[in-house]
Amino acid sequence: MEIINSIVTWVMKKRIHQIDLFRKYPHEVQEELFQNLISTAKNTGWGKQHGYADIRSVQVFQERVPVSTYEDLYPYIERVIKGEQNLLWPSRIEWFAKSSGTTNARSKYIPVSPESLEDCHYKGGKDMLSIYVNNYPDTKLFTGKGLSIGGSHRPSELNAKVSCGDVSAVIMQNLPIWAEAMRTPPLKVALMDKWEEKIEKMVETTVPENVTSLSGVPTWTYVLLKRILEVTGKGSILEVWPNLELFTHGAVAFGPYRQLFRELIPSERMNYLEVYNASEGFFGIQDQRDTEDEMLLMLDYGVYYEFIPMDQFDEEQPKTLTLDQVELGKNYALVISTNAGLWRYKIGDTIRFTNLSPYRIKISGRTKHFINAFGEEVIVENAEVAITRACEATGAVISNFTAAPVYMESGKRGGHEWLIEFEKAPSTLQVFTKMLDETLREVNSDYDAKRQNDIALQEPIVHAAPQGTFMNWLRHKGKLGGQNKVPRLSNTREYLEEIMQVNDLLNS
């Protein structure tokens, strides 16, 4: 295995030169990619409808093609699912990434073309490894296997000839043989659709392996690792897999989970790497050793980027900025045009640029997940920073949380109500709440203004949820495992009250 490790490491290091190209020439790379997308799609149904044949500039493209939501594109996507081809993209599309996100709405079905699979998702995976081996040249990553937690897929109800599932399942099902040989558990286990059964089979099949890396959503990865310790009776994951050195994570911010994983994997040589891989594409990779949740925006993956300033977001046709027009520190809604036929598509994420040369970003939240009932404009990034600091100050470790507004009533001020499930309780909930509140005031001036003398907002109400609360809710919703996650913030009380109600019913 040492020989294989040396060969694969050498191959992966060679790819760094391609990454350096778009680091140095970001605008030229994006312009060339844009022209290629337009040229390739000009004879599709969408391309003909919007006159792609004579589009020569981004300005004309923006004038002719409206910014789209999933609802805008769904009539076209539905036709593709039913078998109509060359509609949004010329290649034959037989796979769709099912994205339910954190909402109660119907699932979204995101087309996955051969090009997006190969030149976006797989390229992102290879570049992630390239960046890692360049940052850690003495790695032994390839002496063992990578454990990945996937979802499942099944034929579409509209057309049995096409398949729909979590993007992780789509990727795994289409992996080349050489890549499949380097991962665990076996595909038939990785793609099981019943979460509780899958966890048990994953424990059974992966414990005997030499696992050197993990990849997945922190919440579900933690559930697996905790179960492994229960079954094996070991004190830490390093007693099971002594050569483990990397956890690649995404989907939710890692800050609130960092201490949780350090306790499970107590090793200074354990590395953590964040990626931004969504159903719609692979967008970012943490490229520096000492940064947390800051990622290099990947510019040559068949994705053309535009950005909506958040003060423009609610406009019917908002003004979008190109990469050369963005500014540091501002929140933007992400808009993409892709080699799978998504055109000027609002994916629902907000990002903030932390560096402009090269372009690095942080995910700051979701366009629909925030609290702004009183003009406080609290976003997911604010909440995660505050939760992390409160945990650090009180020795707490969390597994999940959500928050919602408390509406003003006669004679009562408004506020925020938090439901937090602790793996390790804080020294005192009062101190935790105080630190949560103080950090929110520090990182969000609008929240601070509303909290002055309790003018509009009173101190947050924090509930310590019983163990299993959020798992019970996800089970009730049929959303265990995969890419499913709990909504961090909501501007209504719908999620909070439903989670509390489901838990009360199950424990009554």
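The following dialogue explains how to read several features of this predicted model.

Q: What conventions apply to this model?
A: Residues are numbered from 1 along each chain as its sequence is written, and side-chain values use heavy atoms, with hydrogens and water left out. The model is predicted: local features need pLDDT of at least 70 and side-chain atom pairs count only at pLDDT 80 or more, while totals for chains, interfaces and linings use all residues.

Q: How is a sheet read, and what is the order of the open sheet of three strands?
A: Strands of a sheet pair through backbone hydrogen bonds, either parallel or antiparallel. Helices (H or I, at least four residues) and strands (E, at least two) are DSSP runs, numbered from the N terminus, and two strands pair if DSSP finds at least two bridges between them. Here the order is S18-S19-S20, with mixed pairing. Strand S18 (397-406) and strand S20 (461-465) each have a single partner strand and stand at the edges, so one side of each lacks a neighbour in the sheet. On average, neighbouring strands of this sheet are turned by 20° against each other, direction ignored; axes are lines fitted to C-alpha atoms, for helices over the stretch in contact, and angles run from 0 to 180 degrees between N-to-C directions.

Q: In which sense do S18 and S19 run, and how many bridges join them?
A: S18 and S19 run antiparallel and are joined by nine bridges. Strand S19 (residues 415-424) pairs with S20 in the parallel sense, over five bridges. Leu-419 illustrates both pairings: Leu-419 in S19 is the bridge partner of Thr-402, and His-463 in S20 is the bridge partner of Leu-419.

Q: Which helices pack on this sheet?
A: Contact means heavy atoms within 4.5 Å. Helix H15 (residues 380-394) packs on the sheet and touches S18 and S19, its direction making about 130° with that of S18. Helix H16 (residues 429-443) also packs on the sheet, where it touches S19 and S20, and its direction makes about 125° with that of S19.

Q: How many residues of S18 are buried?
A: Buried means under 20% relative accessible area, exposed over 50%, and partly exposed in between (1.4 Å probe, protein chains only). In S18, ten of the ten residues are buried, so this strand is largely enclosed by the rest of the structure.

Q: What is the strand order in the open sheet of four strands?
A: The order is S2-S1-S5-S4, again with mixed pairing. S2 and strand S4 (153-155) are the edge strands, each pairing on one side only. From one strand to the next, the twist averages 30°. S4 runs antiparallel to strand S5 (residues 163-165), with three bridges between them; Cys-164 in S5 is the bridge partner of Arg-154. H6 packs on this sheet, touching S1 and S2, and its direction makes about 60° with that of S2.

Q: Which residues have the most contacts inside the largest nonpolar core?
A: In soluble globular proteins, nonpolar side chains tend to be buried together. A nonpolar core is a set of buried Ala, Val, Leu, Ile, Met, Phe, Trp, Tyr and Cys residues joined through side-chain atoms within 4.5 Å. The largest one has 79 residues, and Phe-307, Trp-343 and Phe-353 have the most contacts inside it. Helix H7 (residues 114-135) gives the most to this core, with eight residues. A second, separate core of 44 residues includes Val-211, Leu-229, Val-240 and Phe-470.

Q: Is Arg-451 buried or exposed?
A: Arg-451, found in helix H17 (residues 445-451), counts as buried at 6% relative accessibility. A polar contact is a pair of N or O atoms within 3.5 Å; within protein, one must be able to donate a hydrogen and the other to accept it, and residues adjacent in sequence count only if both atoms are side-chain atoms. The side chain of Arg-451 makes such contacts with the side chains of Asp-437, at 2.7 Å, and Asp-454, at 2.4 Å.
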